[in-house]
Amino acid sequence: FFASSWENASSCNIEPAGRARIAADCKSRLAHISGTLPPRFQSSVADAQRCLDNLFDPEVKYPLISTHGDFSENNLFVNKKTGEFTGVIDVAELSFLPFGFDFYGLEEIVGYLSLDGWGEHDGAQELRAHFWVTFANSAKLDPKGPEMQTIREARLVGILFRYGTRTDAGFSGMLGQFISQDPSSVAMLMLDGLVLRR
């Protein structure tokens, strides 16, 4: 699925004015996130802001793709016998964003949220490593190359967009999950687990 998106990204031919609008929206959203998240996340937000500058650099021409916006295990269909991905539902938040923003979905599959915070299923590290190697091979990318590093950085921005955006902030596209700075809120537990442990 992801490798196909990477390989077909050139078919999402977005004019420079459209790219500029998407870049402005992303930068505005990240500024909002910076202003609402607690101090412990600010270095990660600064990393994400640097990543955004790279993703929208006209010289880089990083691919923008149609991004699901709520890419979670509840919206995926998988063949129970083969494990093959067969479909996706609930595309109401579909928008064009840099490739990798919806990779937060991988973390939702290999991990879980409990009253104690974010945890990972047995074998999560192996599954995650398998995903990245399989993706790199399928997309014909060097697993240790600069494109893969940029994709991993875009994943961080997607995690911040997903869990660090207030639900009432008025941004379209990817759903926000952030409701309060209460340390026991779902978004705070997710951010603590997915951002601070990276």
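Helix α2 (residues 16-36) packs against helix α6 (residues 146-164) in this predicted model, at an angle of about 60 degrees and with the two axes 10 Å apart. The two helices are therefore oblique to each other, and their crossing is left-handed.

**Contact of α2 with α6**

- On the α2 side, the contact is made by Cys-26, Arg-29, Leu-30, Ile-33 and Thr-36.
- On the α6 side, Leu-160, Phe-161 and Gly-164 take part.
- By residue class, the contact of α2 with α6 comprises five nonpolar residues, two polar ones and one charged one.
- An α-helix has 3.6 residues a turn, so residues three or four places apart point the same way.

**Helix α6**

- Helix α6 consists of 19 residues and spans 26 Å from its first C-alpha to its last; this is close to the 27 Å expected at 1.5 Å a residue.
- Because 14 of the 19 residues of α6 are buried, this helix is largely enclosed by the rest of the structure.
- Arg-162 lies in helix α6 and has a relative accessible area of 5%; since the cut-off for buried is under 20%, Arg-162 counts as buried.
- The C-alpha atom of Arg-162 is separated by 4.8 Å from that of Gly-176, although these two residues are 14 residues apart along the chain.

**The chain as a whole**

- The chain contains seven helices and six strands.
- Read from the N terminus on, its elements follow the order α-α-α-β-β-β-β-α-β-β-α-α-α.
- The chain has 198 residues, of which 47% count as buried.
- Among contacts in the chain with a separation of 6 or more, 68% are between residues 24 or more positions apart.

**Loop residues with positive phi**

- Most residues other than glycine have a negative phi.
- Lys-61, which is not a glycine, has a positive phi of about 55 degrees.
- Lys-61 is located in the loop between α3 (42-55) and β1 (64-67); its relative accessibility is 66%, so Lys-61 counts as exposed, the cut-off being over 50%.
- Lys-140 likewise is a residue other than glycine with a positive phi, here near 60 degrees.
- The loop between α5 (124-138) and α6 holds Lys-140, and this residue is exposed, with a relative accessible area of 68%.

Technical notes
Residues are numbered from 1 along each chain as its sequence is written. This is a predicted model: local features need pLDDT of at least 70, side-chain atom pairs count only at pLDDT 80 or more; totals for chains, interfaces and linings use all residues. Side-chain values use heavy atoms; hydrogens and water are left out. Axes are lines fitted to C-alpha atoms, for helices over the stretch in contact, and angles run from 0 to 180 degrees between N-to-C directions. Helices (H or I, at least four residues) and strands (E, at least two) are DSSP runs, numbered from the N terminus. Angles under 35 degrees count as roughly parallel, over 145 as roughly antiparallel, 65 to 115 as roughly perpendicular and the rest as oblique. A crossing is left-handed if the near helix is turned anticlockwise from the far one by less than a right angle, and right-handed if clockwise. Contact means heavy atoms within 4.5 Å. Ala, Val, Leu, Ile, Met, Phe, Trp, Tyr, Cys and Pro count as nonpolar, Asp, Glu, Lys and Arg as charged, and the others, Gly among them, as polar. The expected span of a helix is 1.5 Å times one less than its number of residues. Buried means under 20% relative accessible area, exposed over 50%, partly exposed in between (1.4 Å probe, protein chains only).
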